Amino acid sequence: MPSVCFYFQVHQPFRLRHYTVFDSADTYFDEFKNASICRKVANKCYLPTNRLLLKMIQRYEGRFKCSFSVTGVVLEQFQKYCPEVMSTFDALAETGCVEFIGETYFHSLSFLYSRGEFTEQIDQHTDLIGRLWGQKPRVFRNTELIYNNQLAETIESMGRFDAIITEGADRILGHRNSNFLYRPPNCQRVRLLLKNYALSDDIAFRFSNRGWEEWPLDAPKFSRWIDQVNGCGHMVNLFMDYETFGEHQWEDTGIFDFMYHLPEHVLRHPDNNFKTPSEIIDSYPVMDTIDVPHVISWADTERDLSAWLGNAMQSNALHELYKIEKLVKQTQNAAIIEDWKKLQTSDHFYYMCTKYFSDGDVHKYFNPYDSPYDSYINFMNVLSNLRLRCREALTEQNVAEQAS
Amino acid sequence: MKVFMLGWEFPPFISGGLGTACHGLTKSLSNLGIKITFVLPKPIETSHSTHVEMLTPAHYRPDQIGEEFIETTGELKNIRFHTIQSPLHPYTTPEEYQKRLEEIIQQKKLLSVESRQVFDQWLKKEFEGGHVEPAGHYGGDMYSEVHRYAAAAVRLALQQPDFDVVHAHDWMTYPAGIAVATVTGKPLVVHVHSTEFDRSGEHVNQMIYDIERRGMHAASKVIAVSYLTRNIILTRYGVLGEKVEVIYNGVEHEENNRLSAQQVGIRSDEKIVLFLGRITMQKGPEYFLMAARKVLEEIENVKFVMAGTGDMMHRIIEMAAQMGIGHKVLFTGFLRGDDVNKVYQMADLYVMPSVSEPFGIAPLEALNHDVPVLISKQSGVAEVLTHVLKVDFWDIQEMANKIVAVLKYPPLQMTLREHGNFEVRKLKWSGAAARCVQVYQDLVPAMK
């Protein structure tokens with residue numbers, strides 16, 4: 001009776017423009033690049049996949065369901081650069097078969113540095129989802145599925161989330177598997193939905209890999225793997241980047257056909273169904289408590305923070321960024337606060353990752369910079385300017401106060 | 001496997017990267033059991049030998065004027081050195097050469113009767129009684145000197161013809177390489193460390209270009225030090241792609257560099273940005289100065305050290321003064337040995353703004369000394385290094401931006417240093433030597 005639970009992550013950062021130490025303008029983001037990337041990915045992925053899901057929901061008359069976590073920063077870009085993506089999301093929301101998940105508006109690492117900022121960004125995101133699609137997220141996912149016991153406690157104390165999504169990492173599961181609901185220690189309300197990384201990655205990473213022994217992967221084969229969960233699980237959590245469809249796995253790999261036919265084969269087994277995360281937590285009992293004292297994430301094989309905090313540049317940049325939180329907020333200047341928040345997007349720190357850099361792998365593919373060093377220099381130059389703007393704004397405030 | 005190798009310079013008497021490269025390569029070849037006869041146009045003064053252990057000149061025969069034969073032991077045990085008294089000097093212009101030559105003529109007569117005969121025979125055959133003045137006359141130009149070196153090399157080769165391959169390093173030795181290969185029938189490998197286009201931009205010396213072209217075309221195999229150089233060889237010299245192999249240079253790893261880390265702590269708070277190389281057009285010293293001026297707009301406590309000499313030295317000193325940054329730029333002259341170590345230990349950043357750099361060993365040495373590196377994208381070494389900063393040599397703004405960043409953000413310097421030092425450890429001469437052996441074996445299939 002496994003329920004298949006799809007959750008797609010939709011995110012694009014506001015990439016920085018080239019900013020040298022000699023620059024002094026207060027425009028930090030590369031409008032042109034962000035617009036063109038957003039449109040490119042919209043045409044390859046967001047638009048065709050949204051339309052595909054709409055078609056699937058119609059074809060299977062509501063028996064196919066899925067969920068999305070869409071960051072605030074990508075929604076801003078959709079509204080600005082390709083509003084047609086917004087209307088397809090609107091259409092999906094109206095079907096009632098799509099659930100929206102809560103996260104930090106800026107796809108930030110704020111949980112690790114500032115709890116105040118963290119909850120502020122979740123509230124901001126929740127407001128936006130409510131405004132756009134009339135949903136109040138019941139399920140939370142943190143940036144890159146970064147998670148530990150403390151995160152669960154923080155979310156529990158916010159009093160409005162029923163579950164958290166995170167990685168089904170082997171080291172937290174031990175002999176258990178990811179196909180059941182779990183609970184964090186010291187939490188009454190919040191439950192845990194864990195990613196089935198093996199089956200998720202079969203679609204997200206291995207689908208088009210001709211060196212993979214299971215290639216080519218088709219819907220009947222994949223649904224047989226889902227059937228095998230019968231008796232050893234309540235659900236199969238397939239969590240992945242939405243860009244899997246059409247961007248990471250190109251259309252000619254057959255990924256859209258695979259997706260379109262999947263429900264047909266999954267639903268052939270009468271015990272199988274599709275559920276959204278909220279339906280999952282309403283349907284199944286908690287099996288056990290999962291203790292996660294150390295931070296985990298869904299990144300790389302390490303499934304830790306090393307992609308964002310693996311070297312001295314990354315920790316320095318993050319440290320310097322959150323060090324000016326008070327200063328930024330004191331200015332009460334909307335533009336300054338907005339820029340500071342956009343600098344928190346985790347991608348900026350991911351670009352500084354030196355892990356695997358020499359090998360030229362997936363990290364490079366997503367990186368607009370030639371090297372992690374260039375990205376650090378750029379970020380720090382922007383941050384220096386932002387700090388300067390804060391000081392100037394505060395001086396002006398003081399002058400104004402003294403004058404009045 | 002025995003190799004008859006023709007070079008220009010060898011440590012400790014070096015003026016650039018070629019000597020360093022020959023030393024590293026021959027040492028590793030020697031470790032692989034390759035026997036090398038190394039012919040040099042300059043005498044080696046053994047009293048100054050540092051890391052190369054050599055015995056005193058064993059067979060110095062006055063009748064073979066200007067030739068020395070030096071046996072070595074230790075790490076270069078498979079290498080025998082022959083030097084030919086000659087004013088040939090790797091990084092020189094015909095005008096400079098003329099001056100040096102006159103000095104030497106003052107001291108001694110140059111050519112033995114025997115070698116002149118061999119050479120004249122070869123010259124006749126090669127150039128069909130062409131446009132070249134017979135070398136014995138001493139027209140006094142570099143061209144004939146290059147051929148006199150060739151003649152001497154042929155004579156040496158005929159004395160000990162038991163080698164399998166001729167390996168010639170850069171243009172001055174190509175005529176010698178061609179001559180030795182022609183006379184002995186052994187395959188020729190030419191090793192391109194630099195081309196005339198790197199040294200002179202578009203204003204190439206036609207004579208040197210012709211020598212280079214002839215060498216590359218006569219060779220059975222051409223070794224280029226980078227893909228950048230390989231491209232030049234293919235497009236500018238019309239050599240077929242399948243003949244050109246890329247073998248990157250390496251670097252020797254010296255220990256005891258850790259001292260520098262301690263010295264960093266006790267140094268004054270003045271930062272040091274280092275340029276180390278010949279002060280000549282190819283190395284882009286003026287871009288370094290222009291970037292320095294921009295950096296000084298942003299940061300006060302920094303000094304720019306230019307270590308090296310060259311034909312642009314006076315112009316660069318004047319330029320620094322004209323820019324009003326003369327007090328911030330220090331010129332050390334040519335450094336060698338321990339002085340090089342010292343200057344690296346002081347440096348916060350090494351900058352190589354080369355306009356055209358076939359490879360560039362110096363950045364590897366800087367990384368080896370735990371100094372972060374900023375190199376121009378127009379360098380072959382940029383193909384192999386990832387944990388360095390890269391910039392187009394003409395982009396002064398970006399060069400200054402990156403210099404300031406290194407001085408201003410310590411974690412950048414730290415990360416570059418850690419990863420760079422780790423990365424450079426993978427670039428070993430032993431790898432380059434093994435690839436060379438592969439090239440030899442392909443040419444001499446019978447030998448194993």
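**Contacts between and within the chains**

Let me begin with the two chains. The contact between them draws 16 residues from chain A and 18 residues from chain B. Please keep in mind that this is a predicted model.

Which helices of chain A each supply at least two residues to the side that touches chain B? They are helix H13, covering 312-323, and helix H18, covering 372-403. Of the elements of chain A, H18(A) gives the most to this side, with 4 residues. Sorted by class, the side of chain A that touches chain B holds 9 nonpolar, 6 polar and 1 charged residues.

I turn now to one pair of helices across this contact. H13(A) is paired with helix H15 of chain B, residues 410-424; their axes come within 8 Å and cross at roughly 165°. An angle over 145 degrees counts as roughly antiparallel, and H13(A) and H15(B) are therefore roughly antiparallel to each other. The crossing of H13(A) past H15(B) is left-handed. On the H13(A) side, the residues that meet H15(B) are Ala312(A), Met313(A) and Asn316(A). Their partners in H15(B) are Pro411(B), Leu412(B), Met414(B) and Thr415(B). By class, this helix contact comprises 5 nonpolar and 2 polar residues, with no charged residues.

Next, the domains of chain A. How is chain A divided? Domain 1 spans 3-289 and domain 2 spans 306-403. Their C-alpha centres are 26 Å apart. Between them, 25 residues of domain 1 of chain A are in contact with 20 residues of domain 2 of chain A. The domain 1 side of this contact has 11 nonpolar, 8 polar and 6 charged residues.

Finally, a helix pair within chain A. Helix H1, residues 31-59, packs against helix H3, residues 83-94, at an angle of about 20°, and the two axes are 9 Å apart. Since angles under 35 degrees count as roughly parallel, H1(A) is roughly parallel to H3(A). Their crossing is left-handed. From H1(A), the contact includes Ala42(A), Tyr46(A), Leu47(A) and Asn50(A), among others. H3(A) contributes residues including Glu84(A), Val85(A), Thr88(A) and Phe89(A). By class, the contact of H1(A) with H3(A) has 9 nonpolar, 2 polar and 2 charged residues.

That concludes the presentation, and I thank you for your attention.

Notes: Residues are numbered from 1 along each chain as its sequence is written. Chains are lettered from A and ligands numbered from 1 in the order in which they are written. This is a predicted model: local features need pLDDT of at least 70, side-chain atom pairs count only at pLDDT 80 or more; totals for chains, interfaces and linings use all residues. Two residues are in contact if their C-beta atoms, placed from the backbone, lie within 7 Å. Ala, Val, Leu, Ile, Met, Phe, Trp, Tyr, Cys and Pro count as nonpolar, Asp, Glu, Lys and Arg as charged, and the others, Gly among them, as polar. Axes are lines fitted to C-alpha atoms, for helices over the stretch in contact, and angles run from 0 to 180 degrees between N-to-C directions. Angles under 35 degrees count as roughly parallel, over 145 as roughly antiparallel, 65 to 115 as roughly perpendicular and the rest as oblique. A crossing is left-handed if the near helix is turned anticlockwise from the far one by less than a right angle, and right-handed if clockwise. Domain bounds come from an automatic or database domain assignment.
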